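User: I'd like to learn how to read a protein model. Could you walk me through it, one feature at a time?

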Amino acid sequence: MTATDHAPAPSAVVVPDWRERAAAHATRAEELTAVRRAARDRGEAHAIEDFLFTYYPTRVAHLRRWHPGVGCVLPDATDRASWRWYRLVDLPDGGTGATLDVPAFLDARGDTVRYVRSLVGATAGRPGTFGCFGLHEWAMVYRDADAGRDHRHPLHLRLGADGTDAVVESHRIGCSHFDAYRFFTPEARAANQLAPTRERQVAMEQPGCLHANMDLYKWCQKLGPAVPGELLLDAFELARDIRYTDMAASPYDVSPYGVEAVQIETPGGKAEYVRRQRGFAERAQRLRGRLLAVCDALLA
């Protein structure tokens, strides 16, 4: 939309330094994606970081694009009139500014906003569970060798196929996250103590789960320009940090990437995993609060 619609609401916040904030955001995005971009430029896959751009489909260009969030007006930003879900408004002291067109956004994404509000709010209100030890990754390759299946990554199994299967068989598997559980092998799926489904996701998601915490990045993506750029990159940085631990604690040998294994099959490895898991949970809960504020601002 290129025409000015009407003056912003009295509560709208004018952001005069938005160009500086946008530039700083782009620089931070470049820093956070440097490893993955370097691998791509060499024509190489990165078994750890590629996940952040394939499972959570996005491009670095999307991460570099800064948005102020709901209720903010960018003065002299007429170029944003061509951006989806932006509109131009009159500024109180003259001139025009660009702002998120909340009614148009809700018309297109209202169901998503309400779902994210429900899921994130329910997860934030539950205690975390910290006894899974990252065994979801092990369950995704359980008995692959016996069944003649190729496992999910081109990386070698750190303990070999038999050693990997033995770890799964000697532990209780209690995965509550459907989007991890759905990749379990059939043999591991039958051994899981829980039965997560898409329909029960809101009822089962809990804040100790590494994948639930990584998914905050996905939900920020889903809400697009309604999410302030700073929140988007904070969620991406958390997802990236979790991804490294997720793979370090997996059955794969990640030493080619300079990553030391978290040997969850040992008491020391379990303790290290839980220590990191609790730290990620604390960071994720703070992000949940910020994301809930975005949803509430939209729905208000």
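Analyst: Happy to! Let's begin with burial: a residue is called buried under 20% relative accessible area, exposed over 50%, and partly exposed in between, using a 1.4 Å probe and protein chains only. Here, 49% of the 300 residues of the protein count as buried. Two notes on the source: this is a predicted model, in which local features need pLDDT of at least 70 and side-chain atom pairs count only at pLDDT 80 or more, while totals for chains, interfaces and linings use all residues. Residues are numbered from 1 along each chain as its sequence is written, and side-chain values use heavy atoms, with hydrogens and water left out.

User: What does the secondary structure come to, and what does the C-alpha trace span along its principal axes?

Analyst: Helices (H or I, at least four residues) and strands (E, at least two) are DSSP runs, numbered from the N terminus. This protein has 14 helices and four strands. Its C-alpha trace spans about 70 × 45 × 30 Å along the principal axes. Contact means heavy atoms within 4.5 Å. Among the contacts with a separation of 6 or more, 71% are between residues 24 or more positions apart.

User: In what order do the strands of the sheet lie?

Analyst: Two strands are said to pair if DSSP finds at least two bridges between them. The four strands form an open sheet in the order 1-2-4-3, and the pairing is mixed. Strand 1 (13–14) and strand 3 (86–90) are the edges; each has a single partner strand, so one side of each has no neighbour in the sheet. Strand 3 pairs with strand 4 (residues 96–100) in the antiparallel sense, over five bridges. To find your place in the 3D view, look for Val89, which stands opposite Gly97 in strand 4.

User: How many salt bridges does a search of the whole structure find?

Analyst: The rule asks for a side-chain nitrogen of Lys or Arg within 4 Å of a carboxyl oxygen of Asp or Glu. That search finds 23 salt bridges. One of them joins Arg87 and Asp101, whose closest N and O atoms are 3.9 Å apart. This pair links distant parts of the chain, 14 residues apart: Arg87 is in strand 3, and Asp101 is in the loop between strand 4 and helix 5. Arg87 and Asp101 are both buried.

User: How much space lies in the largest pocket, and which elements line it?

Analyst: Rolling a probe the size of a water molecule over the atoms shows where empty space is left. On a 1 Å grid over the protein atoms alone, a cavity is a set of points where a 1.4 Å probe fits but cannot get out; a pocket is an open set with protein on both sides within 12 Å along at least five of seven lines, and lining residues have an atom within 4 Å of a point. The largest pocket holds about 680 Å³. Helix 5, helix 12 and helix 13 each give two or more residues to its lining, and helix 12 gives the most, with four. The lining has 22 residues, and His62, Gln221, Lys222, Gly224 and Pro225 lie nearest the pocket's centre.

User: And which residues line the largest cavity?

Analyst: The residues are Leu119, Val120, Thr123, Glu205, Ala212, Leu216, Trp219 and Arg288. Helix 5 (102–124) and helix 12 (210–222) are the elements that give two or more residues to this lining. About 40 Å³ of space lies inside, and the structure holds one cavity of 30 Å³ or more.

Conventions: Grid points are joined across faces, edges and corners, and a volume is the space filled by probe spheres set on the points.
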